[in-house]
Amino acid sequence: MKVAREARSAAVVINSGSRRGVAARELAVEALHKAGVPVSAVHHVHSGAELAGTLDRVLADGHDLLVVGGGDGTVSYAAGRIAGTGVVLGVLPLGTANDLARTLEIPDNLAKACAAIAGGKVVDIDLGRANGQPFLNVASAGLSVQVTEALSPGLKRRLGPLAYGIATLRSYARHKPFRARLEFPDGDHEPLQLEGLLQVAVGNGRHYGGGNTVSPTAGIDDHILDIYAILAAPLREHVKIARLLRDGSFVEHDRVYHLTSRCVRLVTEPPMPVNLDGEIAAVTPADFTIQRNAVHVVVPQASTGAMFDGPSALPEPAA
């Protein structure tokens with residue numbers, strides 16, 4: 001499939017619980033039809049349990065294009081279900097952060113996103129796994145989990161991306177430093193024992209947290225995980241680090257450890273929850289791995305966020 005118009009059959013799944021999900025339900029389907037996308041099934045979900053069952057039905061029905069409208073957590077879960085199948089993913093960014101869309105240069109405007117799905121190109125991207133659970137952008141433990149817990153649906157609807165700043169300030173005041181051990185099964189790094197940590201994160205994509213950058217060199221199709229650990233420090237140092245989050249240069253700060261690897265194991269005592277693209281969906285000890293070229297995604301023709309590596313990446317579904 002070169003563009004979405006060539007799909008045999010498209011299914012649309014919209015998370016009505018996402019920030020813009022309810023308002024977009026009818027507009028998205030109408031826009032996709034007008035753009036020439038062969039939509040033959042439309043599903044609206046309100047919970048993770050509904051999403052799992054709906055995706056099972058979509059795959060069983062044999063659609064070769066899955067258009068998902070929702071936030072990063074919804075899109076990542078869907079990507080995990082279709083990884084390796086050859087089904088192409090279309091993304092309607094309806095959440096608060098929409099960092100995958102930012103990485104792949106998918107428009108935030110709904111009509112433009114639908115047009116990009118209809119006339120865009122197909123690329124393949126890597127998929128991260130934490131104890132088997134999928135993530136596309138970043139998985140993390142520490143402060144980010146507290147931020148996620150503080151991000152109420154009402155706060156996100158009222159403030160949009162600004163909600164992240166409010167939630168971060170609230171969570172920072174309550175954060176307690178923790179210790180962790182990073183182990184590298186491939187032997188490319190020595191084990192790293194760290195104390196007094198603010199956060200440990202493992203990045204698969206380029207952006208997270210509403211536009212922050214994992215590192216200056218991070219990419220969603222580079223087949224590498226970016227691992228960083230931020231040490232607790234006086235507030236003035238964290239302010240300095242925060243100013244460097246947008247371009248990823250914070251990884252060069254002397255209170256930050258930054259490594260790259262294809263797999264890493266994070267161990268904490270006691271066990272800690274792990275945030276996967278805005279959803280608390282795993283717990284330490286956690287094994288992080290990467291699936292190369294696992295997901296086919298349709299992006300705008302001008303997008304430079306990822307490339308298509310060719311027929312060897314994934315097989316096309318049988319006719």
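Me: What makes phenylalanine 135 and phenylalanine 288 count as buried?

Reply: Buried means a relative accessible area under 20%, whereas exposed means over 50% and partly exposed lies in between, with a 1.4 Å probe and protein chains only; phenylalanine 135 and phenylalanine 288 are both buried, so each has a relative accessible area under that 20% limit. This is a predicted model, in which local features need pLDDT of at least 70 and side-chain atom pairs count only at pLDDT 80 or more, while totals for chains, interfaces and linings use all residues. Residues are numbered from 1 along each chain as its sequence is written, and side-chain values use heavy atoms, with hydrogens and water left out.

Me: Why is the pair of phenylalanine 135 and phenylalanine 288 called edge-to-face?

Reply: A search of the whole structure finds three aromatic pairs. In one of them, the rings of phenylalanine 135 and phenylalanine 288 are 6.3 Å apart, centre to centre, with 80° between the planes. Rings of Phe, Tyr and Trp (its six-membered ring) pair if their centres lie within 6.5 Å, and planes under 30 degrees apart count as stacked, over 60 as edge-to-face and the rest as tilted, so this pair is edge-to-face.

Me: What makes this pair a tie between parts that are apart in sequence?

Reply: Phenylalanine 135 lies in strand S6 (residues 133–135) and phenylalanine 288 in strand S17 (residues 286–299), so the pair ties together parts 153 residues apart in sequence. Helices (H or I, at least four residues) and strands (E, at least two) are DSSP runs, numbered from the N terminus.

Me: How do you know which kind of pair tyrosine 228 and phenylalanine 250 form?

Reply: Their ring centres are 4.9 Å apart and their planes stand at 85°, so this pair is edge-to-face. Tyrosine 228 belongs to strand S12 (residues 225–231), whereas phenylalanine 250 is in the loop between helix H9 (235–243) and strand S13 (256–261), 22 residues apart.

Me: How do you know whether serine 261 is buried or exposed?

Reply: Serine 261, whose place is in strand S13, has a relative accessible area of 2%, so it is buried. Leaving aside neighbours within four places in sequence, serine 261 is in contact (heavy atoms within 4.5 Å) with residues including Phe184, His189 and Ile227.

Me: What does the radius of gyration of the protein chain agree with?

Reply: The radius of gyration is taken over C-alpha atoms, and the globule rule is 2.2 Å times the number of residues to the power 0.38. With 319 residues, a compact globule would come near 20 Å, and the protein chain has 19 Å, which agrees.
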